[in-house]
Amino acid sequence: MTSLHADRVVRRLGDQVVVDGVTLTLHLGETVGLLGPNGSGKSTLLRLLAGVLAPTAGVVSLDGRPLTEVGRRATARRIATVNQHADTQTELTVRDVVALGRIPHRRAWTPATATDAQAVTEALARTGLTDRADQFWHTLSGGERQRTQIARALAQQPRELLLDEPTNHLDIQHQLDLLELVASLPVTTVLALHDLNLAAMYCDRLLVLREGRAVTEGTPAEVLTSALVEQVYGVRAEVTHDPGHPVIRFLRPSTRDGSPLERSVKNDASTAP
């Protein structure tokens, strides 16, 4: 069953086309990865899916209805977003931040209800933050802040979750922990990622963007090929297949004698030499 659908959406910024005729259909419960180099349109597409931006052309629909008809409050109750950078100078506790997810469910200036409190408590527990609930946001580590933002999104009780590069600036352990958490959630998820190996491990389906256009779409095994990596990222790579998902090994530029040096470290394609 389809939940969120983008039909040939275009987004212009002045004379620049940031997203150019992209179509994406999300099915209930799946995890879809958005791949592509910096400037390929991933973040903008996520904002179009969330209804934060309006498409210049095309339409985004939720359960078959254009987001313009669904309305901003109803959309916010269904679709939660986690952005790359979330910061605040206000001395909020973790519980305060998570409670922001309940705003779409309340009228302005009305106090929190027992239902709101329960949703916050459950979101804290789901993300392993119960013991951090009264800690101030600014004292958290990067991984804890990301988990807090996901808890805020979960308190919103969405059916669709959109994450923009959620593993940025996290060490490997926290990247894996975060994506394990995301994969365990009973929601339809779209996440923009740079790390191709993480995308292969955790996504059911991938959409690859380049210069605002969709290059290809399919399962990780179908999409992640040596030819695709070189075409989109300008990087040579070998792709092998572990049980369940492909593994990308990036190749360094040729040495003086012409023989390639294999870069066996799994790394972000955007930072490969």
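T31 is buried, with a relative accessible area of 8%. Buried here means under 20% relative accessible area, so a value of 8% qualifies. This is a predicted model, and everything I say today is about that model. T31 is found in strand β3, which covers residues 31-35. The C-alpha atom of T31 is separated by 12 Å from that of L193, and those two residues are 162 residues apart along the chain.

Next, the sheet. Strands of a sheet pair through backbone hydrogen bonds, either parallel or antiparallel. In this model, four strands form an open sheet, in the order β2-β1-β4-β5, and the pairing is antiparallel. Which strands stand at the edges? They are β2, residues 16-27, and β5, residues 65-66. Each has a single partner strand, so one side of each is left without a neighbour in the sheet.

Take the pairs one at a time. β1 and β2 are antiparallel, paired over eight bridges. You can find one of these by looking at H5, whose bridge partner in β2 is T25. The two strands form a hairpin with two residues between them, and G14 in this hairpin takes a positive phi near 65 degrees. β1, residues 2-13, is also paired with β4, residues 57-62, over five bridges, again in the antiparallel sense. There, V10 has A57 in β4 as its bridge partner.

Since phi has come up, a word on backbone angles. Most residues other than glycine have a negative phi, and most peptide bonds are trans. R8 is not a glycine, yet its phi is positive, about 50 degrees. R8 sits in strand β1, and at 56% relative accessibility it counts as exposed. D63 is not a glycine either, and its phi is positive at about 55 degrees. D63 lies in the loop between β4 and β5. With a relative accessible area of 41%, D63 is partly exposed.

Helix α5 runs over residues 114-126, which is 13 residues, and it reaches 18 Å from its first C-alpha to its last, close to the 18 Å expected at 1.5 Å a residue. Which residues of α5 are buried? They are D116, A119, V120, A123 and L124. These cover an arc of only 135 degrees around the axis, which puts them on the same side of α5. The face turned away from that buried side carries the exposed residues A114 and T115.

Helix α10, residues 226-233, has L228, V229, V232 and Y233 buried. Here the arc is only 100 degrees around the axis, so these residues are on the same side of α10. After α10 comes G234, with a positive phi near 70 degrees.

Rolling a probe the size of a water molecule over the atoms shows where empty space is left. The largest pocket has a volume of about 700 Å³. It is lined by 30 residues, and the closest to its centre are A50, G51, V52, R72 and T75. Where does the largest share of the lining come from? It comes from α3, with four residues. Several elements supply at least two lining residues each, among them α1 (42-50), β4, α2 (67-70) and α6 (142-155). By type, the lining divides into 16 nonpolar, eleven polar and three charged residues.

Conventions: Residues numbered from 1 in each chain as written. Predicted model: local features only at pLDDT ≥ 70, side-chain atom pairs only at ≥ 80, totals over all residues. Heavy atoms only, no water. Pairing = 2+ DSSP bridges. 1 Å grid on protein atoms, 1.4 Å probe; cavity = no way out; pocket = protein on both sides within 12 Å on 5 of 7 lines; lining within 4 Å. Points joined across faces, edges and corners; volume = space filled by probe spheres on them. Nonpolar A, V, L, I, M, F, W, Y, C, P; charged D, E, K, R; others polar. Expected span 1.5 Å × (residues − 1). Buried < 20%, exposed > 50% of the residue type's maximum accessible area, 1.4 Å probe, protein only. Arc of directions from axis to C-beta.
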